[in-house]
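Welcome! Work through the exercises below with the sequence and the structure open beside you, and try each task before reading its solution.

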Amino acid sequence: MSTRMRRVYSIQAELLRKSKEAALNAVQTYNNPLTTFKSESFIVLMIIAWMYLLHAYYRSKGIDYRYYTVKNGRKRYDRTKSGARKYWELERCLNDDACPLDGPTKANLRFLIGLRHEIEHQICLDLDEQMAGRYLACCLNYEAVLTSLFGPEHSLEQSLPFTLQFTDLMTPVTKDAAPTRLPSEVSKYIRDFDDGLSDEEFGSQKFAVRLLFTQKTANRRGQADRVLEFIAPEDELAQAIEKQYWVIKGVEKPKRRASEIIKMMQKEGYSRFNRHSHTALWKKLDAKNPTRGYAIELGGQWFWYENWVARVREECQAHPELYGPTGSPEVA
């Protein structure tokens, strides 16, 4: 019995060791200024890190994370061509009822899994910059789950220093900046995935980290500058920063995702107004043309202003026979 316990523990420890090493390699590769294959390497390595982490968790709970079928009351394990037993991939780990991760954390990982499939055979310029918030969320989620499930002694937060770079974070992005260079298929994947999320998942810092940077230097000579300082949203300073930011910048117009507009129209009685209807309408009206002021592209995703919502509603009201419920052409 004791031999068996030692063997189980050693396998779990080995899974954790591999998981942490994969995570560290993912971050080190992404932070390497000489690496040009950043996103692809990061995603693959972090998927492996999370898979091993969940394998270790399932093993600690006595859950069999191998594929099998039951015949005549006995397990028959699925095997590879060479005869090895097949273990759950990350997506299967996420789908299990015993998975310890919350919704936004799962959403972040499912996004990365799908993104990996989309970029395997494509050149994706600008992906590193546009997806950085989601990559950072993946790392922070990993650290939180790792220490929560297996203890603070496994923390990786001291293993990597802050990354220095030659890009000025304070330089504003001008309107003349080059447009995104993501392939249309990748942009579509990002847009469709985000539209399928709930507002809670999409807005969660566990899905994508969103930061506001401001310059600050030490008050006394010889006092080191703090590169980044994080404070809680309810903190007095955080509230003051938010108020000052909006006073200086002005209030940004409300923006909605396509999925929100579709749901709005359907709640108003236009049950046949769907994604295809929305896409056909914006293409017909060239609504993504910046000069029309209907929408804005942020991080490879399109957001729509309230004047576009009004234009969509106007279209639905003008054509109840197309968008109203079947058999009810009088919907207004």
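**Exercise 1. Find out how enclosed helix α2 is, and how far it reaches.**

Step 1. Count its buried residues, where buried means under 20% relative accessible area, exposed over 50% and partly exposed in between (1.4 Å probe, protein chains only). In α2, 18 of the 23 residues are buried, so this helix is largely enclosed by the rest of the structure.

Step 2. Check where the helix comes from: helices (H or I, at least four residues) and strands (E, at least two) are DSSP runs, numbered from the N terminus. Helix α2 covers residues 38-60.

Step 3. Compare its reach with the expected span, which is 1.5 Å times one less than the number of residues. From first C-alpha to last, α2 reaches 33 Å, close to the 33 Å expected.

Step 4. Look just past the end of α2, where Gly62 takes a positive phi of about 75°.

A word on the model before you go on: this is a predicted model, in which local features need pLDDT of at least 70, side-chain atom pairs count only at pLDDT 80 or more, and totals for chains, interfaces and linings use all residues. Residues are numbered from 1 along each chain as its sequence is written, and side-chain values use heavy atoms, with hydrogens and water left out.

**Exercise 2. Describe the protein as a whole.**

Step 1. Count the elements: there are 13 helices and five strands.

Step 2. Ask how much is buried: 35% of the 332 residues are.

Step 3. Turn to contacts, meaning heavy atoms within 4.5 Å. Of the contacts between residues at least 6 apart in sequence, 65% join residues at least 24 apart.

**Exercise 3. Determine how α11 and α12 are arranged.**

Step 1. Find the helices: α11 spans residues 275-284 and α12 spans residues 306-318.

Step 2. Use their axes, which are lines fitted to C-alpha atoms (for helices over the stretch in contact), with angles from 0 to 180 degrees between N-to-C directions. The two axes come within 12 Å and cross at roughly 105°.

Step 3. Name the arrangement. Angles under 35 degrees count as roughly parallel, over 145 as roughly antiparallel, 65 to 115 as roughly perpendicular and the rest as oblique. Helices α11 and α12 are therefore roughly perpendicular to each other.

Step 4. Identify the contact residues: His278, Leu281, Trp282 and Lys284 of α11 meet Trp308, Val312 and Glu315 of α12.

**Exercise 4. Decide whether two residues with positive phi are exposed or partly exposed.**

Step 1. Begin with Asn72, a residue other than glycine whose phi is near 55°. Asn72 sits in the loop between β1 (68-71) and β2 (74-77), and at 77% relative accessibility it counts as exposed.

Step 2. Move on to Asp286, which is not a glycine either and has a positive phi of about 50°. Asp286 is in the loop between α11 and β4 (295-298), and with a relative accessible area of 37% it is partly exposed.
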